[in-house]
Amino acid sequence: MSEFKDGLLKRRSIYALGKNSELSTDEIVARLREVQQTVPTANNSQTTRLVVLTGEANTKLWNLIYDVQKEVLNEAMWNFMSPIMVGAKEAMGTVLFFEDRDAVNQMPAKGERAEAYKQNNNANSQFAIWLALAEMDLGASLQHFNIGYEQGFDKAIREMFNLPASYELIAQMPFGSVEQAAGEKEHIDPTVQVQVISE
C-alpha cells in the first residue's frame with residue numbers, strides 16, 4: 001500500500017521541465033506502451049490513442065499552440081498560461097491523448113453514454129501515464145490547449161503530424177526532468193471527498 005501511496009504523492013503538476021534525464025525516448029515509450037496496455041476501458045473498447053512527440057516535433061507543437069493561444073486568450077489568462085507553454089517547449093516531450101472516433105463509434109453504447117465512456121477511457125490513460133512518468137522521475141502536467149474536434153481546433157495538430165482525421169485531441173501532457181518542484185497544496189476535508197452511507 002505504501003508504494004502505491006508514494007506514487008500518488010510523487011505525481012504532481014510540474015511546469016518547469018527540462019531534458020536532464022538519463023532515460024532515452026525508447027525507454028520512456030516502452031514503459032508508456034506497457035502501462036497503456038493495462039488501462040481499463042469501457043467494454044474493452046480501447047479507444048484511446050497516445051502520440052509521443054519529442055525533439056523538433058515537440059517544439060513545433062508548442063510553437064503552434066503558443067501562436068494560437070496568444071490570439072484567443074485574454075491578457076490575464078495569457079499572462080498565467082504562457083509560461084506553461086514556454087515550459088512545455090523546453091520539455092523532453094509531450095504525450096498527446098486522443099480518442100479515435102472510429103473506435104468510439106464501434107462501441108455498443110451510443111450518444112451520451114458513448115461520450116461518457118470515451119472521456120472515462122481517456123481519463124484512465126491520463127492518470128496511468130502520469131503515474132508512470134512520475135515513477136521514472138519525470139515531471140509532467142496535464143493541459144487542454146487547442147481541443148475541440150467539432151470546432152476544428154485540433155485539426156492543425158492532426159495535419160502537422162499526419163495523424164488520422166478520426167483522432168480527437170483530448171489533452172496534452174508535456175514531460176521532462178523536474179527543474180522546479182511543485183509547491184505545497186491544500187486539500188479539502190477527506191470526509192467531504194469520501195463519504196460513507198450504511199444501512
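The radius of gyration is taken here over C-alpha atoms, and the globule rule is 2.2 Å times the number of residues to the power 0.38. I note that the model is a predicted one.

Entry 1, overall size. I looked up the radius of gyration of the protein chain and found 18 Å. A compact globule of 199 residues would come near 16 Å, so the value agrees with the rule. I then took the box along the principal axes: the C-alpha atoms fill roughly 55 × 40 × 40 Å.

I counted eight helices and five strands in the protein chain. Read from the N terminus, their order is α-β-α-β-α-α-β-α-α-β-α-β-α.

I took the contacts between residues at least 6 apart in sequence, and 83% of them join residues at least 24 apart. Buried residues account for 41% of the 199 in the chain. The accessible surface is about 12,000 Å², and carbon and sulfur atoms hold 50% of it.

I found 18 positive and 27 negative charges, with mean positions 3 Å apart.

I picked S141, which sits in the loop between strand 4 (139-140) and helix 7 (155-160). Is S141 buried or exposed? Its relative accessible area is 2%, and buried means under 20%, so S141 is buried. I looked up what S141 touches, leaving out residues up to four places away in sequence: S13, I14, Y15, W130, Q172, M173 and P174. I also noted a polar contact of 2.9 Å between the side chains of S141 and Q143.

Terms used: Residues numbered from 1 in each chain as written. Predicted model: local features only at pLDDT ≥ 70, side-chain atom pairs only at ≥ 80, totals over all residues. Heavy atoms only, no water. Helix = DSSP H or I, 4+ residues; strand = E, 2+ residues; numbered from the N terminus. Buried < 20%, exposed > 50% of the residue type's maximum accessible area, 1.4 Å probe, protein only. Contact = heavy atoms within 4.5 Å. Areas by Shrake-Rupley, 256 points an atom, 1.4 Å probe, with all protein chains shown as cover. Lys, Arg positive; Asp, Glu negative; His and termini not counted. Charge placed at Lys NZ, Arg CZ, Asp CG, Glu CD. Polar contact = N/O pair within 3.5 Å; in protein donor to acceptor, adjacent residues only side chain to side chain.
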